[in-house]
Amino acid sequence: MAQAQGLGKRYIKAFLKGFFVAVPVTVTFLDRVACVARVEGASMQPSLNPGGRQASDVVLLNHWSIRNYDVQRGDIVSLVSPRNPEQKIIKRVIALEGDIIK
């Protein structure tokens, strides 16, 4: 019985140790490297949510390349809505700085 309690305490200690390492690593990864997001709505059709289906697409947002402002024409970017700061929007880049659009 005492051996089972010692084994249980050892497992709990190992779990907590792993938990307190894994959580900060995961949060840092999601904040600095990449995260997964769900895309809803028709604004990105036909690339995302093709055919007007009700299901939403899931995308991987790359935070790493945006740090160097490595954005090219045709890239899809996610940003905070200027009208509603609590909402994120997703758009395709059609022009870069200095481009003229007609």
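Modeller: A salt bridge here is a side-chain nitrogen of Lys or Arg within 4 Å of a carboxyl oxygen of Asp or Glu. Please keep in mind, as we go through the cases, that this is a predicted model.

Colleague: Why is the pair of Asp31 and Arg32 called a salt bridge?

Modeller: The closest N and O atoms of Asp31 and Arg32 are 3.7 Å apart, and the cut-off is within 4 Å, so the pair qualifies.

Colleague: How do you know whether Asp31 and Arg32 are buried, exposed or partly exposed?

Modeller: Buried means under 20% relative accessible area and exposed means over 50%, with partly exposed in between. Asp31 has 47% relative accessibility, so Asp31 counts as partly exposed, and Arg32, at 42%, therefore counts as partly exposed too.

Colleague: How many salt bridges does the structure hold, and what makes Arg73 and Asp99 one of them?

Modeller: The structure holds 2 salt bridges. In the pair of Arg73 and Asp99, the closest N and O atoms are 2.7 Å apart, which again falls within 4 Å. Arg73 lies in the loop between helix 2 (63–66) and strand 3 (76–80), whereas Asp99 lies in the segment after strand 4 (88–92), so the pair ties together parts that are 26 residues apart in sequence. Asp99 has 31% relative accessibility and therefore counts as partly exposed.

Colleague: Why is Val27 called exposed?

Modeller: Val27, which is placed in helix 1 (residues 2–32), has a relative accessible area of 52%, and exposed means over 50%, so the word applies.

How values were computed
Residues numbered from 1 in each chain as written. Predicted model: local features only at pLDDT ≥ 70, side-chain atom pairs only at ≥ 80, totals over all residues. Heavy atoms only, no water. Buried < 20%, exposed > 50% of the residue type's maximum accessible area, 1.4 Å probe, protein only. Helix = DSSP H or I, 4+ residues; strand = E, 2+ residues; numbered from the N terminus.
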